[in-house]
Amino acid sequence: MPEDLDKLKPDSIALVDKYPKDPRAHLFRGLYLLEQHRPSDAEPYFRDADRLGETSPVMSREFLDWNRALLAFTVRVQRRGDEAKAIVAPLCANASDLDLRTQQTLEIAKLCS
């Protein structure tokens, strides 16, 4: 994986096509779509990353947590707040153990309050 995530995002669909079982490719595609203000399009990619990431040796705990926070954010902006809070409940219970990127996502989205 390249170090610069910003360079990766525009080509994320090609990554998903080339590496359909790599949860990181799905995460980056979801992130790209979210940045394009397309949360309903991003949601399936975050869900796929979550599903694939549970058993993938390439998906770190930090990326998995961040992906769940991003998934919950996409769900929340689609006016499904209860579902979003359920997705991140385990993260919110241990928020001080999360990496900064995940903590900031949860804070911006007001998902743990």
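Contact here means heavy atoms within 4.5 Å. Keep that in mind for this predicted model, where local features need pLDDT of at least 70, side-chain atom pairs count only at pLDDT 80 or more, and totals for chains, interfaces and linings use all residues. Residues are numbered from 1 along each chain as its sequence is written, and side-chain values use heavy atoms, with hydrogens and water left out.

On confidence (pLDDT, the predictor's per-residue score from 0 to 100), the chain averages 91, with 92% of its residues at 70 or more. Helices are DSSP runs of H or I, at least four residues, numbered from the N terminus.

| Confidence in the chain | Helix | Mean pLDDT |
|---|---|---|
| lowest | helix 1 (residues 5–8) | 66 |
| highest | helix 4 (residues 39–53) | 98 |

Now for a helix pair. Helix 3 (residues 23–35) packs with helix 5 (residues 61–77) at about 35°, axes 11 Å apart; axes are lines fitted to C-alpha atoms over the stretch in contact, and angles run from 0 to 180 degrees between N-to-C directions. Their crossing is left-handed, i.e. the near helix is turned anticlockwise from the far one by less than a right angle. From helix 3, R24, L27, F28, L31 and L34 meet F63, W66, N67, L70, F73 and T74 of helix 5.

Let's zoom in on L34, which sits in helix 3. L34 counts as buried because its relative accessibility is 15%, and buried means under 20% relative accessible area with a 1.4 Å probe, protein chains only. Leaving aside residues up to four places away in sequence, L34 touches P39, A42, F46, L70, F73 and T74.

Key. Helices (H or I, at least four residues) and strands (E, at least two) are DSSP runs, numbered from the N terminus. Buried means under 20% relative accessible area, exposed over 50%, partly exposed in between (1.4 Å probe, protein chains only).
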